[in-house]
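Work through the exercises below with the sequence and the model side by side. Try each task before you read its solution.

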Amino acid sequence: MEITIAIEYKRSRTWGYIPHATVRATVRNKDNCVIARDMSTGSASGCGYDKTSAATCYAFDDNKVLQTFALWKDFKPTEYAHARDYGYEYAFDGCGMSALTGLMRANRFEKHEIWDKDGDITAIVYTRDDLPESFTKLV
């Protein structure tokens, strides 16, 4: 599975620049054929919390592939994934992007950052190549 997070900051008259996250999740089978993909977006404004992680968390919540991943029996929760009647829900909104990194590392994803020529991060990509059939059959 590959999860790509792109953050764009847009000007708001009230809040200054606010983050808009675009999350793309793609699942491939052993033959590298795409078996599921989804794209979702989220944004956050206001003050007093980490808006980048909030926008990203909202996009995770709206992504069907990532919702399915949180329902998978082998999903490894951290304090940033809350249990519900079945599976988990993402709860790293406002906690900083390091909370997401910890959650993804607990689930054996590798993190890659894409930088522009000015040294700014343009995207974060999490990859995991060894998802078993117990997950790929769910999507």
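Two strands pair if DSSP finds at least two bridges between them. Helices (H or I, at least four residues) and strands (E, at least two) are DSSP runs, numbered from the N terminus. This is a predicted model: local features need pLDDT of at least 70, side-chain atom pairs count only at pLDDT 80 or more, and totals for chains, interfaces and linings use all residues. Residues are numbered from 1 along each chain as its sequence is written, and side-chain values use heavy atoms, with hydrogens and water left out.

**Exercise 1. Trace how S2 pairs with S1 and with S3.**

Solution. Take S1 and S2 first. They run antiparallel, joined by 11 bridges. Arg11 stands opposite Tyr17 in S2.

Now take S2 and S3. They pair in the antiparallel sense too, over nine bridges. Five residues lie between them in the hairpin, and Asn32 in the turn has a positive phi of about 70°. Arg28 stands opposite Val34 in S3.

**Exercise 2. Find which residues of H2 are buried, and where they lie around the axis.**

Solution. Buried means under 20% relative accessible area, exposed over 50%, partly exposed in between (1.4 Å probe, protein chains only). In helix H2 (residues 64-71), the buried residues are Val65, Leu66, Phe69 and Ala70. They cover an arc of only 140° around the axis, which puts them on the same side of H2. The arc is that of the directions from the helix axis to the C-beta atoms. An α-helix has 3.6 residues a turn, so residues three or four places apart point the same way.

Next, list the partners. The buried residues of H2 pack against several elements, including strand S1 (2-12), helix H1 (51-61) and helix H4 (133-136).

**Exercise 3. Follow Phe60 into the largest nonpolar core.**

Solution. A nonpolar core is a set of buried Ala, Val, Leu, Ile, Met, Phe, Trp, Tyr and Cys residues joined through side-chain atoms within 4.5 Å. The largest one has 29 residues; Met1, Ile3, Phe60, Phe69 and Tyr90 touch the most other members. H3 gives the largest share, five residues.

Now look at Phe60 itself. Contact means heavy atoms within 4.5 Å. Leaving aside residues up to four places away in sequence, Phe60 touches, among others, Ile3, Leu66, Tyr90 and Met104.
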